[in-house]
Amino acid sequence: MRSFKIQLAQYRAQVTQTIVDLLEQNSLAPTTYSESILAQFSKPTILVIEDNVDEWFLIRWMLSKQFQEAEPVWLSSADQAMAYLDSYGLSEKSLPVMILLDLYLPTAEAGLALLESIKANPLFDAVPVITISRSNDVEDRTSAFDRASNDFVVKPADYKDWQQHFSLLSNYWEKSVL
């Protein structure tokens, strides 16, 4: 897997080049100053596929604290997620650096089917998919790992536990794997 920092630099370069191309098409002279300013604001994405809006807000808050260099993107259903992910084949969007997938969308079958679809697409081979769920059932974990989930995280019950989980998630994925 490509390192997170390399992917971030490539993403910034891609966005900067797109902006420079647009400026040139409109006969505006790009400057190093504008390129460096714009590059600071381009962020890779972490897709959050979660059907509960309250949990999305909490996850987004935690991601903003632990993965400051990435932009969380919310997809609220399996259908919406498939449409979004299918659009990668039709555009030059940068791939997400991570996908957080709620297992119950609203059923485990829907979440597992989406996980299978994501992992069956060669475009997403290098993108880690972390399954998240309120369930601590061994069968749910096994089903997720059988479908190539990179990790399984049980959603915590309170705010402090969410902080701890996302801190551990950040330490592991950002420093060890990405």
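This briefing walks through the fold, the packing and the confidence of one chain. The model is predicted, with a mean pLDDT of 78 over the chain, and 70% of the residues reach 70 or more. The chain has 7 helices and 5 strands, and the strands form an open parallel sheet. Buried residues make up 41% of the 178 residues.

**Overall layout**

- Reading from the N terminus, the elements go α-α-β-α-β-α-β-α-β-α-β-α.
- Among contacts with a separation of 6 or more, 67% are between residues 24 or more positions apart.
- The chain exposes about 9,700 Å², and carbon and sulfur atoms supply 54% of that area.

- Confidence is highest in helix α6 (residues 138-146), at a mean of 96.
- At the other end of the scale sits helix α2 (residues 32-41), where confidence is lowest, at a mean of 42.
- The pLDDT is below 50 over residues 28-41, and this stretch has 10 contacts in the model beyond near neighbours in sequence.

**The sheet**

- The strand order is β2-β1-β3-β4-β5, and the pairing is parallel.
- β2 (71-75) and β5 (151-154) stand at the edges with a single partner strand each, so one side of each has no neighbour in the sheet.
- From one strand to the next, the twist averages 20 degrees.
- β1 (residues 45-49) is joined to β2 by 5 bridges; in this pairing, I49 has L75 of β2 as its bridge partner.
- β1 also pairs with β3, in the parallel sense and over 4 bridges.
- On to the next pair: β3 and β4 run parallel and are joined by 4 bridges, with L100 partnered by I130 of β4.

- What happens to the residues of β3: are they buried or exposed? 5 of the 5 are buried, so the strand is largely enclosed by the rest of the structure.
- M98, L100 and D102 point one way from β3, while I99 and L101 point the other way. That makes D102 one of the buried residues of this strand.

**Nonpolar cores**

- As background, nonpolar side chains tend to be buried together in soluble globular proteins.
- The largest nonpolar core in this model has 24 residues. I49, L85, I99, L101, L114, I118 and F124 have the most contacts inside it.
- Which elements give two or more residues to this core? They are β1, β2, α4, β3, α5 and β5.
- α5 gives the most, with 5 residues.
- Leaving aside neighbours within four places in sequence, I49 is in contact with L75, S77, A81, I99, L100, L101, D102, L105, L114 and I118.
- There is also a second, separate core of 17 residues, which includes W56, I59, M62 and V153.

**The loop between α6 and β5**

- R147 lies in the loop between α6 and β5. With a relative accessible area of 25%, R147 is partly exposed.
- Apart from neighbours within four places in sequence, R147 is in contact with L112, L115, E116 and K119.
- R147 and A113 are 34 residues apart in sequence, yet 8.9 Å apart in space, C-alpha to C-alpha.
- N150 has its place in the loop between α6 and β5 as well, and at 29% relative accessibility N150 counts as partly exposed.
- N150 and T131 are 19 residues apart in sequence and 7.7 Å apart in space, again C-alpha to C-alpha.

Methods: Residues numbered from 1 in each chain as written. Predicted model: local features only at pLDDT ≥ 70, side-chain atom pairs only at ≥ 80, totals over all residues. Heavy atoms only, no water. Pairing = 2+ DSSP bridges. Axes fitted to C-alpha atoms, helices over the stretch in contact; angles between N-to-C directions. Core = buried A, V, L, I, M, F, W, Y, C linked by side-chain atoms within 4.5 Å. Buried < 20%, exposed > 50% of the residue type's maximum accessible area, 1.4 Å probe, protein only. Contact = heavy atoms within 4.5 Å. pLDDT = per-residue confidence, 0-100. Areas by Shrake-Rupley, 256 points an atom, 1.4 Å probe, with all protein chains shown as cover.
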